[in-house]
Amino acid sequence: MASIPLVHFSQSLTIPNLRTRFPFLPHPLTTPNLPNLKSQQHKWPKFKSTTVTRMSYNKGTVTPATDRLVSAVAYTLPFFNSLQYGRHLFMQYPKLGYLFDPLLPIIGLYRSIPYASFVAFFALYLGVVRNPSFTHYVRFNSMQAVTLDVLLVLPLLLQRILSPGRSGLGFRIMVWVYTALFVFSVLCFVYSLASCVLGRTPYLPIVADAAARQI
């Protein structure tokens with residue numbers, strides 16, 4: 001007796017009756033009208049490509065000849081003051097002195113002026129580095145030369161404090177340090193001079209960072 005209501009209920013839920021009562025339902029044997037996914041693809045926003053431009057100092061600009069000359073002359077200050085560190089190397093290899101023979105008249109004139117190193121130092125620092133009438137190129141190179149000259153004075157102060165003597169291990173270490181300083185100063189001078197002649201900015205290791213902070 002309990003199966004009769006179930007039969008009547010199942011017959012009342014046939015497909016035509018369901019579509020009559022709920023016309024919005026799709027027929028189970030037909031494919032519903034789905035939207036065309038190809039025509040409604042998600043369109044992502046297009047971003048414009050950007051190019052990164054890197055700027056380099058003195059690139060595309062011509063450095064005036066006067067700026068090159070003043071910058072090149074500034075590097076002679078630490079070079080002349082570093083020649084005293086090469087005396088041990090010249091004693092060991094006398095033929096190396098021939099390379100510096102053309103500079104002997106200029107070096108002799110520089111040594112003949114009393115307190116020439118102090119005068120040149122303050123002339124560069126006060127007259128060029130702190131003078132806004134000069135270009136940044138000249139001021140940076142002058143400050144770099146002044147900084148290098150100050151660093152070259154420190155070994156002499158340490159020698160007077162420590163007094164390594166004229167023999168022994170301390171004297172040998174002093175000779176090695178002096179020779180290394182002389183070679184380093186000569187390489188810095190040649191590199192800086194060539195860069196200034198070409199109108200480029202020389203960047204000496206350690207010295208460049210200290211000079212840039214003072215400009």
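Leucine L156 is a residue of helix α8, where helices (H or I, at least four residues) and strands (E, at least two) are DSSP runs numbered from the N terminus. The structure is a predicted model, in which local features need pLDDT of at least 70 and side-chain atom pairs count only at pLDDT 80 or more, while totals for chains, interfaces and linings use all residues. Residues are numbered from 1 along each chain as its sequence is written, and side-chain values use heavy atoms, with hydrogens and water left out.

With a relative accessibility of 22%, L156 counts as partly exposed; buried means under 20% relative accessible area, exposed means over 50%, and partly exposed lies in between (1.4 Å probe, protein chains only). Setting aside neighbours within four places in sequence, L156 is in contact with Q84, Y85 and Y178, contact meaning heavy atoms within 4.5 Å. The pair L156 and Y178 is separated by 22 residues in sequence, and their C-alpha atoms are 9.5 Å apart in space.

The protein has 10 helices and 0 strands, so the order of elements from the N terminus reads α-α-α-α-α-α-α-α-α-α. Of its 215 residues, 28% count as buried. Among contacts with a separation of 6 or more, 73% are between residues 24 or more positions apart.

The UniProt record, an unreviewed entry, carries the annotation "transmembrane region" for residues 103-128, 140-161 and 173-194. UniProt positions are given in the numbering used here, feature names are shortened, and annotations may be inferred rather than shown by experiment. In the model, the chain over residues 103-128 is 85% helix and 0% strand, and the end C-alpha atoms are 25 Å apart. Over residues 140-161 the chain is 100% helix and 0% strand, with the end C-alpha atoms 32 Å apart.

Helix α8 (residues 136-162) also meets helix α7 (residues 116-129): their axes come within 10 Å and cross at roughly 155 degrees. Here the axes are lines fitted to C-alpha atoms, for helices over the stretch in contact, and angles run from 0 to 180 degrees between N-to-C directions. The two helices are therefore roughly antiparallel to each other; angles under 35 degrees count as roughly parallel, over 145 as roughly antiparallel, 65 to 115 as roughly perpendicular and the rest as oblique. The crossing of α7 and α8 is left-handed, a term used if the near helix is turned anticlockwise from the far one by less than a right angle, with right-handed used if clockwise. On the α7 side the contact is made by F121, L124, Y125, V128 and V129, and on the α8 side by V138, R139, S142, M143, V146, D149 and V150. Sorted by class, this contact has 9 nonpolar, 1 polar and 2 charged residues. In this sorting Ala, Val, Leu, Ile, Met, Phe, Trp, Tyr, Cys and Pro count as nonpolar, Asp, Glu, Lys and Arg as charged, and the others, Gly among them, as polar.

Is S142 buried or exposed? Its relative accessibility is 0%, so S142 counts as buried. Not counting residues up to four places away in sequence, S142 touches A74, L124, V128 and V129.

Another partner of α8 is helix α10 (residues 207-214), which packs against α8 at an angle of about 125 degrees, with the axes 9 Å apart. The pair α8 and α10 is therefore oblique, and their crossing is right-handed. From α8, the residues F140, M143, Q144, T147, L148 and L151 meet V207, A208, A210, A211, A212 and Q214 of α10. These residues divide into 9 nonpolar, 3 polar and no charged.

A further pair is formed by helix α3 (residues 65-74) and helix α9 (residues 169-198), packed at an angle of about 175 degrees with axes 8 Å apart. That angle makes α3 roughly antiparallel to α9. In this contact R68, S71 and A72 of α3 meet L193, C196, V197 and L198 of α9, giving 5 nonpolar, 1 polar and 1 charged residue.

Most residues other than glycine have a negative phi. Y115, although not a glycine, has a positive phi of about 55 degrees. Y115 sits in the loop between α6 (104-112) and α7, and counts as exposed at 64% relative accessibility. I206, also not a glycine, has a positive phi of about 70 degrees. I206 is found in the loop between α9 and α10, and is exposed, with a relative accessible area of 70%.
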